[in-house]
Number of protein chains: 2
Amino acid sequence: MTVFAVVGHAAVTEGNFNLNDMPGSAGRMDVLCRCVNAALFLSHDLRRDTGCYLVLNGPPNPPKTILFSGDRIRSLNPDERSPGALIRKALLVTCGRDFRESTPGVSIRRGGLPELLDEHAFAVLDESGDDIRGESILPEALLLSDHQNLTREESELTAECPRFSVGPISLHADHAITVFLNERDRRCRR
Amino acid sequence: MTVFAVVGHAAVTEGNFNLNDMPGSAGRMDVLCRCVNAALFLSHDLRRDTGCYLVLNGPPNPPKTILFSGDRIRSLNPDERSPGALIRKALLVTCGRDFRESTPGVSIRRGGLPELLDEHAFAVLDESGDDIRGESILPEALLLSDHQNLTREESELTAECPRFSVGPISLHADHAITVFLNERDRRCRR
């Protein structure tokens, strides 16, 4: 099992956002949608051993965390609107501190990065980190940021996490997930 | 310069498609949009030395080919709707056998795969090919298919093209582009 967590600094926390304007009024929800799909999709298949947490830190009720579970997901298609629609449904659910399933394989709770850091030994995917190709064992929990860098507070919370890079150039978060999973695929199939 | 060409077997060739339904009525135009973005985007930057051809083989006027040029592109954002809107504008342009620019960095012409094969020495990205990591020199022109396999006719046209793989598992076309460019980035920055 490999899990990813992506921090959406402005991603809205109310389920009335417009699927036609995810980059704008939904706080770059499009970035998070692409990360879900990078984490879960194979060609004509789904990865059943990955998950993707989305940490939503935007208005009006942050933080909330949505989990897409590859082993249970249904009704997910590769276009951005598809995870967007499932995120919207999740945000319509009244949730507390425990994950509550909104649709098959998608669940939501109150809480954000601090809770996740208590639950998983995250490594941070960061272009300043050590190259994953040189690591003998790949981390099983990866933290990424959306189009913004981690805030000072988030950087302090993750100061003890190891840092890994997927290459010499800074990539979009979803592209970094794709490259990381390619490295994992190569090791699993050797 | 590295160029990608993606064959969209059902991708429509008229500029009136609905940006809210690219997977359906636009013939999986969403796949092609993601390929454009995988080919051209870096984090907060664009790749200025890549291009992406989209071969549109869907109704009502196939084939047409659209070229996104990284060195000239403007007004492109990372969400799927953004290249979708530029494709729509291109399809509204009356075009002949030569590329005609519809918006900065986007141009269109009549014609499809045979014309492209005359112009570039394509390699095919295919999971049955040789691993790109083992190649001393990477190809500079890569052909991919959308969610469908190449047709028999396309396979015959490309029978002499070398085949390369980006890993042990079959990936979406856009993910394959991302992994390929990561390998290229690592060699350029050594």
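1. With 12 C-beta neighbours inside 10 Å, B:Ser75 counts as exposed, where a residue is called buried if 20 or more other C-beta atoms lie within 10 Å of its own, exposed if 12 or fewer, and partly exposed in between, the C-beta atoms being placed from the backbone. B:Ser75 sits in the loop between β5 (64-69) and α2 (81-91) of chain B, and its C-alpha atom is separated by 27 Å from that of B:Pro60, 15 residues apart along the chain. Helices (H or I, at least four residues) and strands (E, at least two) are DSSP runs numbered from the N terminus.

2. The model is predicted, so local features need pLDDT of at least 70 and side-chain atom pairs count only at pLDDT 80 or more, while totals for chains, interfaces and linings use all residues. Residues are numbered from 1 along each chain as its sequence is written, and chains are lettered from A and ligands numbered from 1 in the order in which they are written.

3. Chain B can be laid on chain A by a turn of 180° and a shift of 0.0 Å along the axis, with an RMSD of 0.0 Å, which is the relation of a two-fold axis; the superposition is by least squares on the C-alpha atoms of residues with pLDDT of at least 70 in both copies. In chain B, the C-alpha nearest the axis belongs to B:Val179 and lies 2.8 Å from it. Both copies use the same surface, since 100% of the contact residues of chain B recur in chain A.

4. In the interface, 26 residues of chain B are in contact with 26 residues of chain A, contact meaning that the C-beta atoms of two residues, placed from the backbone, lie within 7 Å. On the side of chain B that touches chain A, the elements giving two or more residues are α1, β2 (41-42) and α5 of chain B, and the largest share, six residues, comes from α5(B). The residues of that side divide into 11 nonpolar, nine polar and six charged, with Ala, Val, Leu, Ile, Met, Phe, Trp, Tyr, Cys and Pro taken as nonpolar, Asp, Glu, Lys and Arg as charged, and the others, Gly among them, as polar.

5. The axes of α5 (residues 173-188) of chain A and α5 (residues 173-188) of chain B come within 9 Å and cross at roughly 80°, which makes α5(A) roughly perpendicular to α5(B). A:His175, A:Thr178, A:Val179 and A:Asn182 meet B:His175, B:Thr178, B:Val179 and B:Asn182 there, and by class this contact has two nonpolar, six polar and no charged residues. Axes are lines fitted to C-alpha atoms, for helices over the stretch in contact, with angles from 0 to 180 degrees between N-to-C directions; angles under 35 degrees count as roughly parallel, over 145 as roughly antiparallel, 65 to 115 as roughly perpendicular and the rest as oblique.

6. Within chain B, α1(B) and α5(B) pack at an angle of about 10° with their axes 8 Å apart, and are therefore roughly parallel to each other. In this contact B:Val31, B:Arg34, B:Cys35, B:Ala38 and B:Ala39 of α1(B) meet B:Ala173, B:Asp174, B:Ile177 and B:Thr178 of α5(B), giving six nonpolar, one polar and two charged residues.

7. For α1(B), 12 of the 12 residues are buried, so this helix is largely enclosed by the rest of the structure. The buried residues of α5(B) include B:Phe180, B:Leu181 and B:Arg184, and what covers the buried residues of this helix includes α1 (29-40) and α5 of chain A.
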